[in-house]
Amino acid sequence: MRLRATPVIALVLAMIATLLSAAPAGAEVVHPRQQWLRDSTAGLFLHWGMFTAPRHLDCAAWERDVTEGGWNADYWIDQTRDLGASYIVLATFHSALGYARPWPSAVPGSCATRRDFLGELVKAGKAKDVRIMLYMTDDPQWHDSQGVEMLDSAAYSAYKGRQVDLTTRPGFGMFSYDLFVEVMEKYPDLAGFWIDNENEYWQQNGLYEKVRERRPDWLLSNNNTDTPIMDTVSNEQKTGMTPSYDYPQAAWTPMPR
C-alpha cells in the first residue's frame with residue numbers, strides 16, 4: 001500500500017507546488033491598492049456631461065452654465081458622504097454624453113473645459129476621504145448621435161502631425177490613450193480608471209501596463225471584459241457569459257475575481 005501511495009503523494013505535492021508557484025498571477029487578485037474598495041459599502045457612478053439635461057451642444061456654453069449654476073465640488077462630496085458612499089466614478093468622457101472632458105486638456109479632439117472640475121473634485125474628495133475614479137470610454141460610434149460632430153479629427157491630426165480619424169476605433173484609441181497618459185500626469189490623487197470595454201489600440205500599445213508602471217496604486221476596473229490585469233470587472237451587459245449571469249442573486253463573477 002505504501003509503494004502504491006507514494007506516486008499519488010508525489011503527484012499531490014507537485015500540484016501544490018504548481019499552485020504556489022502561481023503567486024505572481026494571484027498577487028493582482030488581492031493587492032493592497034484594492035483595500036479601500038474592499039472596505040467600501042457604496043459608491044456613486046455619476047453620468048454627467050454635455051448631454052445631461054438640459055442638453056448642450058457647445059462646450060463653452062455647457063461650462064458656463066455649469067459654473068453659473070453654482071457647481072461646487074464640496075457639495076458633491078458632502079452629498080456622497082451623506083449617502084454613506086465612499087467613492088465616485090465620474091462618467092463625463094462618455095460616448096452618450098458628448099465625450100466631454102471636465103479638465104483643461106492639452107490634447108485637442110473633443111470638449112475640454114477651461115475650469116478644472118475634475119481637479120476640484122479630486123481635491124475636495126481627498127480632504128474628506130472620498131475617492132474619485134475616472135470613467136473612460138473605448139467607443140467612438142456615437143460621435144454624431146445628436147446631429148452635431150463631437151469629435152474634432154482635424155484638430156487632433158494637427159496635434160499628432162498625421163491624419164487620424166477619431167470616428168474610427170484605432171483613431172479614437174490613439175486619442176483616448178493620450179488622455180489616459182495626460183490624466184495620470186495631472187492627477188496623482190485620482191483613485192484609478194473605470195474603463196468601458198476594450199480598445200484594440202490600448203491593448204496593442206500596452207496601456208494597462210503603463211498605468212501599472214506610472215500609477216501602481218491606482219485601481220483598474222473594466223466593464224464586461226474580464227481582462228486579467230484589471231482589479232475588478234463589472235458585468236453591465238449580463239449577456240454572453242458562461243455560466244449565465246444570475247442578476248437577482250448576483251452570485252457569479254468571472255474568475256479569479
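How many salt bridges does the count come to in this structure? The count comes to 12 salt bridges. The structure is a predicted model. A search of the whole structure also finds 21 aromatic pairs. The points below take up salt bridges, aromatic rings, surface charge and details of the backbone in turn.

**Salt bridges**

- R33 and D231 form a salt bridge, and their closest N and O atoms are 2.9 Å apart. R33 belongs to the loop between α2 (23-27) and α3 (35-38), while D231 belongs to the loop between β5 (219-223) and β6 (232-234), so this pair ties together parts that are 198 residues apart in sequence.
- R33 has a relative accessibility of 7% and counts as buried. D231 also counts as buried, at 5% relative accessibility.
- A salt bridge joins the side chains of R169 and D138, with a distance of 2.8 Å from N to O. Because R169 lies in helix α8 and D138 in the loop between β3 and α7, the pair ties together parts that are 31 residues apart in sequence.
- R169 counts as partly exposed, at 29% relative accessibility.
- Another salt bridge brings together the side chains of R115 and E120, at 2.9 Å from N to O. R115 counts as partly exposed at 21% relative accessibility, and E120 is partly exposed with a relative accessible area of 29%.

**Aromatic rings**

- A pair of aromatic rings is described by the distance of the centres and the angle of the planes.
- The search of the whole structure gives 21 aromatic pairs. F45 and Y135 form an edge-to-face pair, with 6.1 Å from centre to centre and 80° between the planes. This pair links distant parts of the chain, since F45 is in strand β1 (residues 44-47) and Y135 is in strand β3 (residues 131-137), 90 residues apart.
- F45 is partly exposed, with a relative accessible area of 32%. Y135 is buried, with a relative accessible area of 1%.
- The ring centres of Y99 and F172 are 5.5 Å apart and the planes stand at 65°, so this pair is edge-to-face. Y99 lies in the loop between β2 (87-91) and α6 (117-127) and F172 lies in helix α8, so the pair ties together parts that are 73 residues apart in sequence.
- Y99 is buried, with a relative accessible area of 0%. F172 is likewise buried, with a relative accessible area of 0%.
- Ring pairs also link residues into a cluster, whose members are F93, Y99, Y156, Y159, F172 and F175.

**Surface charge**

- On the surface, a patch of negative charge gathers D144, E149, D152 and D165.
- D165 is located in the loop between α7 (153-160) and α8 (169-186). With a relative accessible area of 38%, D165 is partly exposed.

**Backbone details**

- The peptide bond that runs from A53 to P54 is cis, and its omega is near -5°. P54 is in the loop between β1 and α4.
- Y99 has a phi near 55°, which is a positive value in a residue other than glycine. The place of Y99 is the loop between β2 and α6.
- D129 is not a glycine, yet D129 has a positive phi of about 60°. The loop between α6 and β3 holds D129, and D129 counts as exposed at 53% relative accessibility.

**A separation in sequence and in space**

- C59 lies in helix α4 (residues 59-68). C59 is buried, with a relative accessible area of 18%, because buried means under 20% relative accessible area.
- C59 and S110 are 51 residues apart in sequence, and their C-alpha atoms are 8.8 Å apart in space.

Definitions and conventions. Residues numbered from 1 in each chain as written. Predicted model: local features only at pLDDT ≥ 70, side-chain atom pairs only at ≥ 80, totals over all residues. Heavy atoms only, no water. Patch = residues over 30% accessible without salt bridge, like charges linked within 9 Å, V, L, I, M, F, W, Y side chains within 5 Å. Areas by Shrake-Rupley, 256 points an atom, 1.4 Å probe, with all protein chains shown as cover. Salt bridge = Lys/Arg side-chain N within 4 Å of Asp/Glu carboxyl O. Lys, Arg positive; Asp, Glu negative; His and termini not counted. Charge placed at Lys NZ, Arg CZ, Asp CG, Glu CD. Helix = DSSP H or I, 4+ residues; strand = E, 2+ residues; numbered from the N terminus. Buried < 20%, exposed > 50% of the residue type's maximum accessible area, 1.4 Å probe, protein only. Phe/Tyr/Trp six-rings, centres within 6.5 Å; stacked < 30°, edge-to-face > 60°.
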